[in-house]
Amino acid sequence: MCVDRDGCEIEGCSSSDEVRTLSGSMSPGLKSNPDLHPCKPGQKFRAALLRCRTPAAAAGILSFGNVLNYMDRYTVAGVLLDIQRHYDKSDSAIGLLQTVFICSFMVAAPIFGYLGDRFNRKVILSCGIFFWSIVTLSSSFISKEYYWLFVLSRGLVGIGESSYSSISPTIIGDLFTNNSRTMMLSVFYLAIPLGSGLGYILGSSAKVAAGDWHWALRVSPVLGITAGSLILVFVPEPKRGSADQIGVRRSTSWFCDMKALAKNRSYVFSSLASAAVSFATGAFGMWIPLYLARAQVVQKTAEACTKEICSSTDSLIFGAITCVTGLLGVVIGAATTRLCRKKTERADPLVCAVSMLGSAIFICLIFVVAKKSIVGAYVCIFIGETLLFLNWAITADILMFVVIPTRRATAVAFQSFTSHLLGDAGSPYLIGLISDALQQSYATSALWRFLSLGYALMLCPFIIVLGGMFFLATALFFLDDREKAEKQLSQSARTLSSVKVTTK
C-alpha cells in the first residue's frame, strides 16, 4: 500500500511500487500502516486547495484584484463627458466626483492600516471588495435629480477600495523577499496603470455596446465579487515578517508606530514624492480625455458633443496608452533599478527622481503641441506617462526596505493617506475650479474652453518636478534608514529566540 503526500492511501499501489517524494527523488513503496486511512472526497478537495495556495498564485490573485480596484475607479472618467451632460454640471462639480472618492479613500486608509497590522488581512480585503462592488452597481441606478447621491456613492466606493490598497501589498511583502519581492510588487503595481487604462476602455465600450453610460458601472462589480471570492479561497494569511525569516511579535502601539514612521526620513520624503505623483495622475486621469476632445473641436476635426451618447474615441485611446505605458514603465523601472543596484545602493530613489524630472518635460510639451497636433500630444503623453509610471513599484520597495514588517500595513496606509491628501484628493477639483474661473473671466468659446483647461493642467509639471526633488532627498537618507530597519529586525529575532529558550 502507498500513500500520497496528504497522508492518504493510494488505491492500486503495491508495496513494490515507487513513490515520488516532494523533493523529486524516487523512494521505495511504503508498506501498509494501520494508522493510514482512505481519504474522503472532501479531504482530497481540501488538500488540493491547499496545494493551490502558493505565493505566486496569491500574488497573481492580489494583482488581479488591484486591476479591478483601479478599473472601477477610472470607469467614471471614461464616461465623464456623458455624466457631465446627463447631470448638467460644470467642470468643478464634475471634478468633485474624484475628490470625494479620494477623500473617503484617504480617511479610511489609516483605519484599515491599523486593522491590517492586527487582524486577518484577507478577510478585510474580501469584505472591502464586496462592499465597493455592491455600491458601484447600486450607483448605476441613480436618476439625474440626485447628483448628490451619485457623489456620495463614489465616496462609499472609496472606503471599500481603501481597504485593498492599504493591506494587499503587505501580504506580498510577507510572501517574498529581496529581488523576488521587487518583481512581485512590480507586477502588483502594474495593475495601477493597467487597471486605470482598462477602466477607460471598459467604460467607453460598455457605454457604446449598451447605448447607455450607466452600463459602464455594471461590469466591474461582477468581476469584483469574483476577485473577493478568489482571495478568500486561494490567498493564504502569512505570518507578519515570515519572508524575512523572523517571528516578529506585535509589541508596540499605533502611536509608537506613527512616531517611528515620522522619524523615518526616507519614508517621509518618499511619501511626499508619492503625493506629487498622485496629484499629476489624478488630474490627468480625470481631465486629459476631455482636454483632447476639446482640442479636436478647436482643430475642427470633431464637433462638440450635442448627442445623448458622446464619442468615446479619446477615452479609448488614452486608456490604451495608459495600459501600454504602465506595462513599459513598471518593467523598465524594475529592470533599471536592478541594474543600477550593481552601481549604487541608492539606486531605488535615484531612478525615481530621474524619471520624475524627465516626465515633467514631456508633460509640459503636451500643452504646447495639443492645439496643432493631436498625434503629437499623444506621443508626449506616451513618453511622459512611461517615465511617470517607472516609480510606482520602486516606491513600494523603498518602503519595504526601510520599514519593519509589523509596521508595514500602517506605513502603506499612512503613505496612501498623505499622498491622496496632498495629491489627487484635491487635484481634479482644483483643476476644474481653475478652468471654470478662467472661463468666467472671458467670453466663453470652444477655443477658450480648451485653453482654460490646458492652463489649469499646466500646474501638474511643476508638481512633478517637486516630487523629483523629494526623491533626491530620499536618496540622501535611504541607506541609513535601511540599516536601522535591518538592525531592528535582527534585534527582534534575537529577542524572540531568547523568549523561546526561556519558555522551554
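In this predicted model, the axes of helix 12 (residues 347–369) and helix 13 (residues 374–389) come within 8 Å and cross at roughly 165°, where axes are lines fitted to C-alpha atoms, for helices over the stretch in contact, and angles run from 0 to 180 degrees between N-to-C directions. Helices here are DSSP runs of H or I with at least four residues, numbered from the N terminus. The two helices are therefore roughly antiparallel to each other, a label given to angles over 145 degrees. Helix 12 passes helix 13 in a left-handed crossing, that is, with the near helix turned anticlockwise from the far one by less than a right angle. The residues in contact (heavy atoms within 4.5 Å) include Ser355, Met356, Phe362 and Val369 of helix 12, and Gly376, Cys380, Ile383 and Leu388 of helix 13. By class, this contact has 12 nonpolar, five polar and no charged residues; Ala, Val, Leu, Ile, Met, Phe, Trp, Tyr, Cys and Pro count as nonpolar, Asp, Glu, Lys and Arg as charged, and the others, Gly among them, as polar.

Residues are numbered from 1 along each chain as its sequence is written. Because the model is predicted, local features need pLDDT of at least 70 and side-chain atom pairs count only at pLDDT 80 or more, while totals for chains, interfaces and linings use all residues, and side-chain values use heavy atoms, with hydrogens and water left out.

Turning to helix 3 (residues 80–87), six of its eight residues are buried, so this helix is largely enclosed by the rest of the structure; buried means under 20% relative accessible area, with a 1.4 Å probe and protein chains only. The buried residues of helix 3 are Leu80, Asp82, Ile83, Gln84, His86 and Tyr87, and just after the helix, Asp88 takes a positive phi of about 55°.

Ser140 lies in the loop between helix 5 (121–139) and helix 6 (147–175), and it counts as buried because its relative accessibility is 1%. Leaving aside residues up to four places away in sequence, Ser140 touches His214, Leu217 and Arg218. With Arg218 there is also a polar contact between the two side chains, at 2.9 Å, the term being used for a pair of N or O atoms within 3.5 Å, one able to donate a hydrogen and the other to accept it, with residues adjacent in sequence counting only if both atoms are side-chain atoms.

Arg482, in helix 18 (residues 459–503), also counts as buried, because its relative accessibility is 18%. Arg482 touches Glu345, Phe401 and Val402, again not counting residues up to four places away in sequence. Arg482 and Ile398 are 84 residues apart in sequence, yet 8.7 Å apart in space, C-alpha to C-alpha.

Key:
Buried means under 20% relative accessible area, exposed over 50%, partly exposed in between (1.4 Å probe, protein chains only). Angles under 35 degrees count as roughly parallel, over 145 as roughly antiparallel, 65 to 115 as roughly perpendicular and the rest as oblique.
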